[in-house]
Amino acid sequence: MVVGLIIACEVGFWVLLAAGLAVRYLLKRRRTSVALLLCEPLLELVLFVVTAVDLKNGAEPSWEHGLAALYIGYTVAYGHYTITWLDGHAAHRLAGGPRPPKPPRYGLARARHEGGLWLRTLLAAVVACALLQAAIWYVGDGDTSSLRAFQETALRTLGVHGVIALTYLIRPKKAPADAAAPSEESRTLTGR
């Protein structure tokens, strides 16, 4: 039941997001789109309540409950980031807005970007581990090994992402020589 609800929440996330952006840019109804987008956190709240009720009704803690906690943590950390990113692309495609900036590709700017993403992963891991620990305490004496395994998964994911982000700081990728200096043609066009 919990897995089905996780899938429904994910589908609901994308349906609400598409509806909110369509209403904002195609129907030009900003307030209605904000209301639709503010419904997104309700999906996670429903998932949290159903998972807690499932455990309260005597369900053995399983990987489904761990997956629900990871999903909620990920959505808390990356949900707004995803919505903002897609909103920028929708504004560009549907409303003639400016092209959204791409993430930096080189140097310390890229390292800062990757560090920011790692901080989001840290938030996701903290939320997931806190929810899992609350579920462990809630269950009490039952078998909570699957929930503890998901805590370890969250921490392992955080560690791997941290190592990847750190490599961008330790060995930043250098911009190609032709990208760093303006070309002869662009200097002629801009007068520089």
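The count of disulfides in this structure comes to zero, where a disulfide means a pair of cysteine sulfur atoms within 2.5 Å. The model is predicted: local features need pLDDT of at least 70, side-chain atom pairs count only at pLDDT 80 or more, and totals for chains, interfaces and linings use all residues. Residues are numbered from 1 along each chain as its sequence is written, and side-chain values use heavy atoms, with hydrogens and water left out.

Start with Cys-9. The closest cysteine sulfur to that of Cys-9 belongs to Cys-39, and at 13 Å it is too far for a bond. Cys-9 is buried, with a relative accessible area of 2%. Here buried means under 20% relative accessible area, exposed over 50%, and partly exposed in between (1.4 Å probe, protein chains only). Cys-129 is also buried, at 14%.

Now turn to charge. Side chains of opposite charge can pair when their charged atoms come close. The whole structure holds two salt bridges, each a side-chain nitrogen of Lys or Arg within 4 Å of a carboxyl oxygen of Asp or Glu.

Arg-24 lies in helix 1 (residues 2-25) and Asp-87 in helix 4 (residues 63-95), so the pair ties together parts 63 residues apart in sequence. Helices are DSSP runs (H or I, at least four residues), numbered from the N terminus. Both Arg-24 and Asp-87 are buried.

The other salt bridge links Glu-114 and Arg-110, at 2.9 Å from N to O. These two residues sit four apart in helix 5 (residues 107-139), so about one helical turn separates them. Glu-114 and Arg-110 are both buried.
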